[in-house]
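Thanks, everyone. Have the sequence and the model open, please, and follow along.

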Amino acid sequence: MDFTHSSNQIALYDEEGRLTAEVTFPDVDTDTVNIDHTFVDDSLRGQGVAGQLMKAAAEQLRSQNRKAVLTCSYAVNWFGKHPEYQDVVKGQG
């Protein structure tokens, strides 16, 4: 997947430039973000796109030495199943 990375969003756009998937993580403070939203268009469901978005977000945050609080239910579930990324979760690791 060719995701578009920005400071508080990782997104996927189709050939017409329409948003088809995203994870958003606004800043809480200089060291912390809130993973608050995951979206995958129906046309991409069942292809593991949300998991790929979450992995990309975790790796981006890890590379920036930042932590995440999780208010998105998908993020809570995904991080619960991926202990290798617990160091990214605030209060974990």
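W78, F79 and Y85 make up one aromatic cluster. The rule first: rings of Phe, Tyr and Trp (for Trp, its six-membered ring) pair if their centres lie within 6.5 Å, and planes under 30 degrees apart are stacked, over 60 edge-to-face, the rest tilted. By that rule there are two aromatic pairs. One of them joins W78 and F79, edge-to-face, at 5.0 Å centre to centre with 85° between the planes.

A word on the source. This is a predicted model, where local features need pLDDT of at least 70, side-chain atom pairs count only at pLDDT 80 or more, and totals for chains, interfaces and linings use all residues. Residues are numbered from 1 along each chain as its sequence is written, and side-chain values use heavy atoms, with hydrogens and water left out.

Are W78 and F79 buried or exposed? Buried means under 20% relative accessible area, exposed over 50%, partly exposed in between, with a 1.4 Å probe and protein chains only. W78 counts as buried because its relative accessibility is 7%. F79 is buried too, at 2%.

Now Q86. Q86 sits in the segment after α2 (73-81). At 17% relative accessibility, Q86 is buried. Its side chain reaches the backbone oxygen of F79 at 2.5 Å. A polar contact here is a pair of N or O atoms within 3.5 Å; within protein, one must be able to donate a hydrogen and the other to accept it, and residues adjacent in sequence count only if both atoms are side-chain atoms.

On to the strands. Helices (H or I, at least four residues) and strands (E, at least two) are DSSP runs, numbered from the N terminus. Two strands pair if DSSP finds at least two bridges between them. What does β5 pair with? Strand β4 (residues 27-29) pairs with β5 in the antiparallel sense, over two bridges. The two form a hairpin with two residues between them. D29 has T32 of β5 as its bridge partner. Strand β7 (residues 67-70) pairs with β5 in the parallel sense, over four bridges. There, V33 stands opposite A68.

Side chains next. In a regular strand they alternate between the two faces of the sheet. In β5 (residues 32-35), T32 and N34 point one way, V33 and I35 the other, and all are buried.

Last, helix α1. Residues 49-63 give 15 residues and a reach of 21 Å from first C-alpha to last. That is close to the expected 21 Å, taken as 1.5 Å times one less than the number of residues. Buried residues in α1 include V49, L53, M54 and L61. Just after α1, N65 takes a positive phi of about 55°.
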